[in-house]
Amino acid sequence: MLYDRRKGLSQVGRDLLAAADYIREHGWCQGVAVDYQGRVCIEGALAKIIEYDPGRRVNARMRLGIPSAFSPSEWNDKRGRKVNEVLDLLENAAWSEVEK
């Protein structure tokens with residue numbers, strides 16, 4: 001049996017990785033949380049993963065380390081932003097607790 005590295009992560013870390021997976025599966029967008037094709041922005045992905053727990057969603061947002069002058073949606077929607085930057089942010093934030 002293979003070892004699942006995610007099991008060593010906190011709930012926040014698992015949520016962030018799940019949000020990255022959601023974007024990979026459904027696609028990424030800017031300007032709206034969820035577009036008509038089901039693609040999501042970073043905030044939309046977190047909302048899909050953490051539907052009914054606002055505290056968990058706040059913890060995930062805080063872990064992202066986005067400067068307080070920006071919301072995750074504003075960061076996501078920056079002109080020229082690429083999906084790989086969004087995925088890197090989510091994954092690096094998830095694994096940052098392991099690196100400490």
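Tutor: What follows is a walk through a few residues and then some salt bridges.

Tutor: This is a predicted model, in which local features need pLDDT of at least 70 and side-chain atom pairs count only at pLDDT 80 or more, while totals for chains, interfaces and linings use all residues. Residues are numbered from 1 along each chain as its sequence is written, and side-chain values use heavy atoms, with hydrogens and water left out.

Student: Okay, where is Leu90 found?

Tutor: Leu90 belongs to helix 5, which covers residues 83–99; helices here are DSSP runs of H or I with at least four residues, numbered from the N terminus.

Student: And is Leu90 buried or exposed?

Tutor: Leu90 is buried, with a relative accessible area of 0%, where buried means under 20%, exposed means over 50% and partly exposed is in between, using a 1.4 Å probe and protein chains only.

Student: What does Leu90 touch, then?

Tutor: Not counting residues up to four places away in sequence, Leu90 touches Leu16, Ala19, Ala20, Ile23, Ile42 and Leu64, and contact means heavy atoms within 4.5 Å. As for Ile42, that residue is 48 residues from Leu90 in sequence, and their C-alpha atoms are 8.5 Å apart.

Student: Now Glu43, which helix is that in?

Tutor: Glu43 lies in helix 2, residues 42–49, and Glu43 is buried at a relative accessible area of 14%. Leaving aside neighbours within four places in sequence, the contacts of Glu43 are Arg57, Arg61, Pro72 and Ser73.

Student: Changing topic, how many salt bridges are there?

Tutor: A search of the whole structure finds 6 salt bridges, each being a side-chain nitrogen of Lys or Arg within 4 Å of a carboxyl oxygen of Asp or Glu.

Student: Which residue does Arg56 pair with?

Tutor: Arg56 forms a salt bridge with Asp15, and the closest N and O atoms are 2.7 Å apart. Arg56 is in helix 3 (residues 54–64) and Asp15 is in helix 1 (residues 11–26), so this pair ties together parts that are 41 residues apart in sequence. Arg56 is partly exposed at 26% relative accessibility, whereas Asp15 is buried at 3%.

Student: What about Arg81 and Glu85, how far apart are their closest N and O atoms?

Tutor: Those atoms are 3.2 Å apart in the salt bridge between Arg81 and Glu85; Arg81 is buried at 12% relative accessibility, and Glu85 is partly exposed at 34%.

Student: Last one, which residues are linked in a network of salt bridges?

Tutor: Asp21, Arg24 and Glu91 are linked in that way.

Methods. Helices (H or I, at least four residues) and strands (E, at least two) are DSSP runs, numbered from the N terminus.
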